[in-house]
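Please look through the structure shown here, one region at a time.

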Amino acid sequence: LWSKVNDYLALQPSPLSGFDLFNYMGPMVFCRGQSCTTAVMEQLVSEIEEHVKNGTSTYPVKEEFRVFWEGIACWPYLSHNLKTLKKYGINVCATAYAKAWALDYESGDMDGLARVYSFNSSNNILIDETVERRVAWNKKFHIDGSIYHVNRACKVMACQQQEIMREVSERCGGLPYVSFDGDQADYRNFSEAQFETRIQAFVELMRKHKEEVGNG
């Protein structure tokens, strides 16, 4: 069900705001395998399908740009991030962070459980595989650019992100990207002003890239 919810974001325009995924991660992280979580996901799928049928969306403004969100959500500033992105018509249509909780294994299969937990997160795989997944997702979800949250509290992600940014962009024909600083252990390392300034520049890069692609 969670995979299905994530995959709805591939529709153009998307029937939901990508930040909805962050809002529903509570039951996916803390209440996995419980019947109440299944009921929540079934209700969410039902609501999304109603949006698909009616041509509506939980994303409240025109979807001008579709982006990939890399890294953990910036939880203390979730509202600020969403409002800033909406201001510029940016919808988060793919995120490896939310998708990493779509853990598919058979009940009682401990080897399968270990395998999926070992290879679903970017922290557990080689950079080459990380890049391959993002290249595929950028195509599947019709992505115009990537936003990288450089979370200083996660040293593994922060260390490898610079190379991932470069390789993914190169493999996707110069796809624009931007990064911003954060730290889930020390929220003072995030700046609202820096975030918006970088998003403003990012919008111009995406707009220019879309024009260049459109002109061949």
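His142 has a relative accessible area of 33%, so His142 counts as partly exposed in this predicted model. The residue is found in the loop between α8 and β3. Its backbone deserves a look as well: His142 is not a glycine, yet its phi is positive, at about 55°.

The peptide bond that runs from Gln12 to Pro13 is cis, and its omega is near -10°. Pro13 belongs to the loop between α1 and α2, where α2 covers residues 19-23.

Gly55 is placed in the loop between α4 and β1. With a relative accessible area of 66%, Gly55 is exposed, because exposed means over 50%. How far apart are Gly55 and Ser14, in sequence and in space? They are separated by 41 residues along the sequence, while their C-alpha atoms are 9.4 Å apart.

Next comes strand β1. Six of the six residues of β1 are buried, so the strand is largely enclosed by the rest of the structure. In a regular strand, side chains alternate between the two faces of the sheet. In β1, Phe65, Val67 and Trp69 point one way, whereas Arg66, Phe68 and Glu70 point the other way. The residues on both sides are buried.

Which strands pair with β1? One is β2, residues 90-95, which pairs with β1 in the parallel sense over five bridges. In this pairing, Trp69 stands opposite Thr95 of β2. To get from β1 to β2, the chain passes through helix α5, residues 78-87, and this β-α-β crossover is right-handed. Strand β3, residues 145-151, also pairs with β1 in the parallel sense, over four bridges. Here the bridge partner of Phe68 is Ser146 in β3.

The charged side chains give another way to read the fold. Side chains of opposite charge can pair when their charged atoms come close. How many salt bridges does a search of the whole structure find? The search finds 16 salt bridges.

Glu70 and Arg134 meet through their side chains in a salt bridge, at 2.4 Å from N to O. This pair links distant parts of the chain, since Arg134 is in helix α8, residues 127-140, and Glu70 is in strand β1, 64 residues apart. Both Arg134 and Glu70 are buried. Elsewhere, salt bridges that share partners join Asp7, Lys99 and Lys140 into one network.

Another salt bridge is formed by Glu64 and Arg207, whose closest N and O atoms are 3.1 Å apart. Glu64 is in the loop between α4 and β1, and Arg207 is in helix α10, residues 192-214, so that the pair links parts of the chain 143 residues apart. Buried or exposed, or in between: what are the two partners? Glu64 has a relative accessibility of 34% and therefore counts as partly exposed. Arg207, at 29%, also counts as partly exposed.

A further salt bridge joins the side chains of Glu49 and Lys4, at 3.5 Å from N to O. Because Glu49 lies in helix α4 and Lys4 in helix α1, the pair ties together parts that are 45 residues apart in sequence. Glu49 has a relative accessibility of 37%, so Glu49 counts as partly exposed. Lys4 counts as partly exposed too, at 41%.

Which element gives the largest share of the lining? The largest share comes from α4, with three residues. Sorted by class, the lining has eight nonpolar, five polar and two charged residues.

Technical notes: Residues numbered from 1 in each chain as written. Predicted model: local features only at pLDDT ≥ 70, side-chain atom pairs only at ≥ 80, totals over all residues. Heavy atoms only, no water. Helix = DSSP H or I, 4+ residues; strand = E, 2+ residues; numbered from the N terminus. Nonpolar A, V, L, I, M, F, W, Y, C, P; charged D, E, K, R; others polar. Salt bridge = Lys/Arg side-chain N within 4 Å of Asp/Glu carboxyl O. Buried < 20%, exposed > 50% of the residue type's maximum accessible area, 1.4 Å probe, protein only. Pairing = 2+ DSSP bridges. Right-handed = clockwise from strand over helix to strand, strands pointing away.
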